Amino acid sequence: MRIAVLSDIHSNLVALDAVLAHIGTVDAVWHLGDVVGYGPEPDAVVERLAGIGAVGVRGNHDAAAAGGPEIEYFNPEARRAMEWTRARIAPVTRDWLAALPERLIVDDASLVHGSLVDPTWEYVTSAPIAKASLDVMTTPVGLHGHTHVPMAWIKAGGRVRGAPAGTDDRLSYDARPTLLNPGSVGQPRDGDPKASYMILDTDERVVTWQRVAYDIEAVIAAMVTVDLPVRLAERLRHGL
Ligand code: ZN
């Protein structure tokens, strides 16, 4: 099977549509949460994912948008954007977000937003944190987002090493337990402003990372028009 893995779309419909156009034919689309938050089009992004039958998990922003207490832990700008999101999303969007599971096992893959230890909040940003997840993982491969940075964490000989992933990077995840992060569709934070995602070939057990240009200025203009925080809009330009 050829599967597109998307994460951290963050209400950025322009980026999502650019990615979906780039993907071509796939057998499934999986998402790793933070479908909403920050960006200007939460309803349209959820409608698009629901329309293509994407399956996935809940991120901290999705939980907060559905009414959860997670909003208490947001920084002031993220909180303002989340209050904006909560006030505007349609009931059907809220219901779709509320129904997302915290973790999901599909085929040979564990899907979470943060980590396998703490699926909502933990950022996998170091080898010891990645190792804790790999140690409890029950599938050959784990898929996670949350950091907005495309990466692989590979366990071999009891040790874990991290490998940043760029455009067209390919990795065989056949023999070793591996965590894979597709990066962020809607708000990349690795210094490259292009939308990031990955393609899993589950027959060959190979992952490929991809980057896609989209109309960033249109999204910034849309965010400013609806009075979302300017800093959240302008960071899209820099991918940070
Ligand atoms: Zn996120």
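Predicted model: local features only at pLDDT ≥ 70, side-chain atom pairs only at ≥ 80, totals over all residues.

**Entry 1: Q210**

I started with Q210, which I found in strand β12. Is Q210 buried or exposed? Its relative accessible area is 15%, and buried means under 20%, so Q210 counts as buried. Next I looked for its contacts, leaving aside neighbours within four places in sequence: H22, D168, A195, S196 and Y197.

**Entry 2: helix α1**

Strand β12 came up again when I turned to helix α1, residues 13-23. Which residues of α1 are buried? I listed L13, A15, L16, A18, V19 and I23. The cover over these buried residues includes β1 (2-6), α2 (42-51), β11 (195-201) and β12 (206-212). Just past the end of the helix, I saw that G24 has a positive phi of about 75°.

**Entry 3: R2**

I then went to strand β1, where R2 sits. R2 is partly exposed, with a relative accessibility of 35%. Not counting residues up to four places away in sequence, R2 touches I23, T25, V26, D27, A28, I199 and L200. The one of T25 is reached at 2.6 Å, and the one of I23 lies 3.3 Å from a polar atom of the R2 side chain. For a sense of scale, I checked R2 against P69: they are 67 residues apart in sequence, and their C-alpha atoms are 36 Å apart in space.

**Entry 4: the zinc ion**

Which protein atoms are the donors of the zinc ion? I found D8 (OD), H10 (NE2), D34 (OD) and H148 (NE2), at 2.1 to 2.3 Å from the ion. The angles among the four donor atoms run from 84 to 175°, and the site is irregular. Along the sequence, the donor residues follow the spacing D-x1-H-x23-D-x113-H. D8 belongs to the loop between β1 and α1, and H148 to the loop between β6 (141-143) and β7 (151-156), so this pair ties together parts that are 140 residues apart in sequence. Both D8 and H148 are buried.

**Entry 5: two positive phi values**

S11 is another non-glycine residue with a positive phi, at about 60°. I placed S11 in the loop between β1 and α1, and it is buried at 0% relative accessibility.

**Entry 6: the open sheet**

In what order do the six strands of the open sheet run? I read β4-β5-β6-β10-β7-β8, with mixed pairing. At the edges stand β4 (104-106) and β8 (159-164); each has a single partner strand, so one side of each is left without a neighbour in the sheet. From one strand to the next, the twist averages 20°.

I looked at one pair in detail: β7 and β10 (residues 178-181) are antiparallel over four bridges, and M151 stands opposite N181 in β10. Helix α6 (residues 127-136) packs on the sheet and touches β7, β8 and β10. The direction of α6 makes about 65° with that of β7.

Conventions: Residues numbered from 1 in each chain as written. Heavy atoms only, no water. Buried < 20%, exposed > 50% of the residue type's maximum accessible area, 1.4 Å probe, protein only. Contact = heavy atoms within 4.5 Å. Donors = N, O, S within 2.8 Å, 3.2 Å for Na, K, Ca; no water. Tetrahedral: all angles 85-135°; square planar, octahedral: opposite > 155°, others 65-115°. Pairing = 2+ DSSP bridges. Axes fitted to C-alpha atoms, helices over the stretch in contact; angles between N-to-C directions. Polar contact = N/O pair within 3.5 Å; in protein donor to acceptor, adjacent residues only side chain to side chain.
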